[in-house]
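Notes below, in the order I looked.

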Amino acid sequence: MNAIRPAASSTSSTALSPANAARLAGLGYIAIVLLAMGANFLVRNQLVVLDDPAATMSNIADNETTFRFGIAGFTVIAMIDIGIAWALHVLLRHTGERRSLLAAWLRLAYTVAFVPAITFMVLALQLSVGGDVLTGLDVGQREAWTGLAMEAFDVTWLLALIAFGLHLIVVGRILFASGLGRALGIALSLAGVAYIADTFAHLLLANYADFGGAFLAIVATLSLVSEVWFMIWLLARAPRVVASLPGQKPELVAA
């Protein structure tokens, strides 16, 4: 009997408590915010010119290294999202294993759906800088395909956001039903609905551009408020709240 006790002790020493899982998820959110500011706002939005594929291709070619950093940033974001999905499951599993798993799987589904979008950025880079693989394509064709690749990036990301919106709704439902954070749960659920509504508006409305500003304002406001609030909650309040739930003993999950 004594021979197997060290193994059990070793397992517990590598376990992650819900409190630490909350902190890891919060730190992951901070990293995503910083990386997204660089990859999306300082790279993609600065170099991609809507309805002007020639300017887009020229910008990417002239700023190849910057664009590569943008691709790398989005790739790291995808990997961090996997870690956040796991950490949130460890944090929330004692409120209901199935709901917690559903939330985690939806975030993983978002990540899996988002990765092809990064591939379209790589394609746009290859089209812009040229090379033997593009032999036979003239400049006009490369410009058109570059614009199409970045359009595909946007559409793929939009479709992935359906899974992300569902993830926020499920997490919001968990927080509301468990009493961990009712107001925060409502805010996250509203943000999830906004993401989904915006994606389907893109798909269904031929004149989406007429309403795009309003949709963007709603999604940006709800997502910014709720997800920053969630990040702060994960870092500051969740470790204490989860540990103090009456009658609950958070399970340790092996790392």
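**Confidence.** I'm working with a predicted model here, so I checked pLDDT before anything else. The chain averages 88, and 88% of the residues score at least 70.

**Helix 3 against helix 6.** How do the axes of helix 3 and helix 6 cross? I get roughly 90 degrees, with the axes coming within 8 Å; helix 3 covers residues 53–62 and helix 6 covers residues 139–178. At that angle I call helix 3 roughly perpendicular to helix 6. From helix 3, I list Pro53, Ala54, Thr56, Met57 and Ile60 in the contact. Helix 6 puts in Val139, Arg142, Glu143, Ala144, Thr146, Gly147 and Met150. Sorted by class, I have 7 nonpolar, 3 polar and 2 charged residues in this contact.

**Aspartate 51.** Next I went to the loop between helix 2 and helix 3, where aspartate 51 is found. I noted its phi: positive, about 65 degrees, although the residue is not a glycine. Most residues other than glycine have a negative phi, so I flagged that. Is aspartate 51 buried or exposed? Exposed, because its relative accessible area is 80% and the cut-off is over 50%.

**Asparagine 40.** This one lies in helix 2, residues 18–47. I put asparagine 40 down as buried, because its relative accessibility is 10% and buried means under 20%. Which side chain does asparagine 40 join in a polar contact? It is arginine 44, at 2.7 Å. Not counting residues up to four places away in sequence, I see asparagine 40 touching Leu35, Asn45, Phe74 and Trp157.

**Leucine 159.** Back to helix 6, where leucine 159 lies. I get a relative accessible area of 41%, so leucine 159 goes down as partly exposed. Leaving aside neighbours within four places in sequence, I find leucine 159 in contact with Thr199 and Leu203. I also looked up the C-alpha separation between leucine 159 and alanine 113: 7.6 Å, with the two sitting 46 residues apart along the chain.

Notes. Residues are numbered from 1 along each chain as its sequence is written. Side-chain values use heavy atoms; hydrogens and water are left out. Axes are lines fitted to C-alpha atoms, for helices over the stretch in contact, and angles run from 0 to 180 degrees between N-to-C directions. Helices (H or I, at least four residues) and strands (E, at least two) are DSSP runs, numbered from the N terminus. Angles under 35 degrees count as roughly parallel, over 145 as roughly antiparallel, 65 to 115 as roughly perpendicular and the rest as oblique. Contact means heavy atoms within 4.5 Å. Ala, Val, Leu, Ile, Met, Phe, Trp, Tyr, Cys and Pro count as nonpolar, Asp, Glu, Lys and Arg as charged, and the others, Gly among them, as polar. Buried means under 20% relative accessible area, exposed over 50%, partly exposed in between (1.4 Å probe, protein chains only). A polar contact is a pair of N or O atoms within 3.5 Å; within protein, one must be able to donate a hydrogen and the other to accept it, and residues adjacent in sequence count only if both atoms are side-chain atoms. pLDDT is the predictor's confidence in each residue, from 0 to 100.
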